Amino acid sequence: MAKARNMKTSTFTTNPPSPFFHLLPVTPLTTLLFSPKTNRLRHPKLCSKHPLTLPIFYLSLLFSFTFLGISILTLIPSFHDSIPCSTPSPTSSFSPSFFASLFSTVSFNNEDDQPRLSTSAMVPFPAHGAVGNVSEAEREFWKQPNGEGYEPCLDFSLGYRKLSARISKEKRRFLVVVASGGLNQQRNQIVDAVVLARILEAALVVPTLQVNLIWGDESEFSDIFDVAHFKKTLQADVRVVSSLPSTHLMSRQTIENKIPHEVTPQWIHTRFFNQLKREGLLVLKGLDSKLSKNLPPDLQKLRCKVAFHALRFASPVQELGNLLAKRMWIEGPYIALHLRLEKDVWVRTGCLTGLGPKYDDIITKIRESQPEYLTGRVNMSYIQRRLAGLCPLNALEIARFLKALGAPSGARIYRAGGEAFGDSRALQPLVAEFPNLVTKEMLARDGELSPYMNKSSALAAIDYIVSLSSDVFVPSHGGNMGRAMQGHRAYVGHRKFIKPNKRAMLPHFEDASIGDAEFGSIMRELHRKSQGQPEPRGYRRNRDVIAYPVPECMCKHNAGIF
């Protein structure tokens with residue numbers, strides 16, 4: 001496990017001065033009232049026989065009452081964390097200028113330092129749309145889906161809020177969670193860690209990130225995420241602490257890592273609550289996909305609050321990601337393509353690279369020597385896996401797919417993901433069709449990526465930030481990044497997200513009798529209803545609210561939290 005370090009303070013979080021002070025004119029009266037006491041004592045005659053003593057006294061009295069009245073009004077609490085869907089909000093808006101103004105910012109109330117959900121979500125730069133003299137297919141490609149009036153709406157129930165007063169102050173029971181895998185897999189486990197802490201009515205220790213065996217990344221939570229923001233955003237839901245108190249350091253630390261899949265809150269409470277109450281400490285490991293996708297509404301909303309509001313990236317990572325996103329965005333519309341061509345992806349999926357026997361043999365030998373990495377169905381051949389949609393699209397397939405959907409050959413494409421197995425050979429078919437293919441390494445200037453060269457999670461976070469602001473996002477393979485981006489883009493205004501229907505489209509790839517025009521028509525029709533439009537989660541076991549935030553975390557009637 002990564003060792004604990006001191007918490008890093010976010011440069012985004014500031015403590016602003018009094019909201020009234022900058023509104024006051026600079027006059028002798030304000031100087032008198034707000035200057036240090038020693039300065040006021042330099043003018044003793046002001047309080048004795050000076051002819052202006054009485055007017056100044058009355059002015060001072062009038063100002064004091066005015067100041068008191070304004071102070072009382074500002075102390076009236078406002079509940080930004082719970083805005084009912086039935087109550088219209090005058091600030092509800094999805095205008096591009098509004099999103100631009102909120103990009104990666106957060107504000108807090110001056111009185112109680114409570115975060116406002118309306119400004120804590122990470123939002124993208126505005127979409128561009130097609131401009132100039134372009135074809136109808138290209139115009140349709142850049143067109144954003146209809147959001148149908150859905151907006152974020154985290155209206156926690158009265159019962160949930162009543163329990164929060166006690167749970168958010170818990171000081172006897174502590175939950176420690178070890179999150180494993182890549183960045184987006186860790187994000188999923190952190191989201192569920194917060195929900196588990198809420199179910200068990202325990203304080204949550206800032207999650208520990210397990211050393212990644214594949215990439216050798218030893219990053220800690222504070223290297224990737226903004227710890228202070230994480231705590232403040234969740235302080236009304238769960239108490240989050242940086243480390244265990246001294247009273248619990250010698251507690252029994254049995255690591256629970258054999259939790260079944262899709263367990264319910266009732267199962268969690270029955271299995272662990274008494275143990276936690278008795279021992280004061282519970283350590284959980286291996287949480288990926290263990291908690292049910294179908295939770296009570298309040299816990300689903302909590303998932304969204306953690307994923308889209310609390311898990312903001314650490315300031316250095318966020319700032320660099322914003323900078324690279326701006327360099328892409330300022331040049332016009334662009335596609336973000338999560339192209340999964342890394343060596344470990346081919347090993348895990350049991351698929352062939354399409355690069356020829358030389359490369360396929362390398363993957364086969366690694367897979368045979370490390371069979372535990374194979375996550376694909378072992379009883380299926382490569383052909384069966386591919387036709388079932390279980391293999392990533394290679395560069396040639398993704399190039400044909402984008403061209404068929406109407407993407408212009410001059411489109412700028414940001415390639416998210418790790419190093420492609422086969423290097424330039426693996427990417428050549430895509431570059432031949434779309435030469436304006438760039439990566440974070442190409443966007444960054446001298447030394448900007450140097451601190452993260454061996455930090456796969458930070459590099460993945462930068463990909464996440466740049467991808468979020470793209471006009472169109474396309475994953476070449478399913479996975480945690482694709483699901484996270486699908487849900488986040490929906491949550492911030494249903495930005496275009498095209499998920500290739502591999503099972504339906506691959507047979508057409510094999511049919512040489514189909515011409516380009518017909519192939520394009522088929523591809524567009526297959527994906528007409530899967531371009532980021534609002535899609536209710538339903539109650540299918542494999543649908544996570546983080547990927548499908550409608551309807552638990554988003555509602556209509558212009559009553560969201562934005």
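**Close-ups of charged side chains**

**View 1. Glu-201 and Arg-173 pair up in a salt bridge, with 3.9 Å from N to O.** A salt bridge here is a side-chain nitrogen of Lys or Arg within 4 Å of a carboxyl oxygen of Asp or Glu. Glu-201 sits in the loop between α8 and β3, while Arg-173 sits in the loop between α7 and β2 (174–179), so the pair ties together parts that are 28 residues apart in sequence. Helices (H or I, at least four residues) and strands (E, at least two) are DSSP runs, numbered from the N terminus. Both Glu-201 and Arg-173 are buried; that means under 20% relative accessible area, with exposed being over 50% and partly exposed in between (1.4 Å probe, protein chains only). This is a predicted model, in which local features need pLDDT of at least 70 and side-chain atom pairs count only at pLDDT 80 or more, while totals for chains, interfaces and linings use all residues. Residues are numbered from 1 along each chain as its sequence is written, and side-chain values use heavy atoms, leaving out hydrogens and water.

**View 2. Glu-201 also meets Arg-166 in a salt bridge, at 2.7 Å from N to O.** Arg-166 belongs to helix α7 (residues 158–167) and Glu-201 to the loop between α8 and β3 (203–205), so this pair links parts that are 35 residues apart in sequence. What is the relative accessible area of Arg-166? Arg-166 comes in at 45%, partly exposed, whereas Glu-201 has 17% and counts as buried.

**View 3. Asp-344 and Arg-348 make a salt bridge of 3.2 Å, N to O.** Both lie in helix α14 (residues 343–349), four residues apart, or about one turn of the helix. Asp-344 is buried at 12% relative accessibility, and Arg-348 is partly exposed at 24%. The structure holds 20 salt bridges.

**View 4. Arg-187 is buried but has no salt bridge.** This residue is found in helix α8 (residues 183–199). Which side chain of opposite charge is nearest to Arg-187? That would be Asp-544, 10 Å away; for charge, Lys and Arg count as positive and Asp and Glu as negative, with His and the chain ends not counted. A polar atom of the Arg-187 side chain lies 3.2 Å from the backbone oxygen of Ala-307. Leaving aside residues up to four places away in sequence, Arg-187 touches Phe-225, Ala-307, Leu-311, Phe-313 and Tyr-464 (contact means heavy atoms within 4.5 Å).

Technical notes
A polar contact is a pair of N or O atoms within 3.5 Å; within protein, one must be able to donate a hydrogen and the other to accept it, and residues adjacent in sequence count only if both atoms are side-chain atoms.
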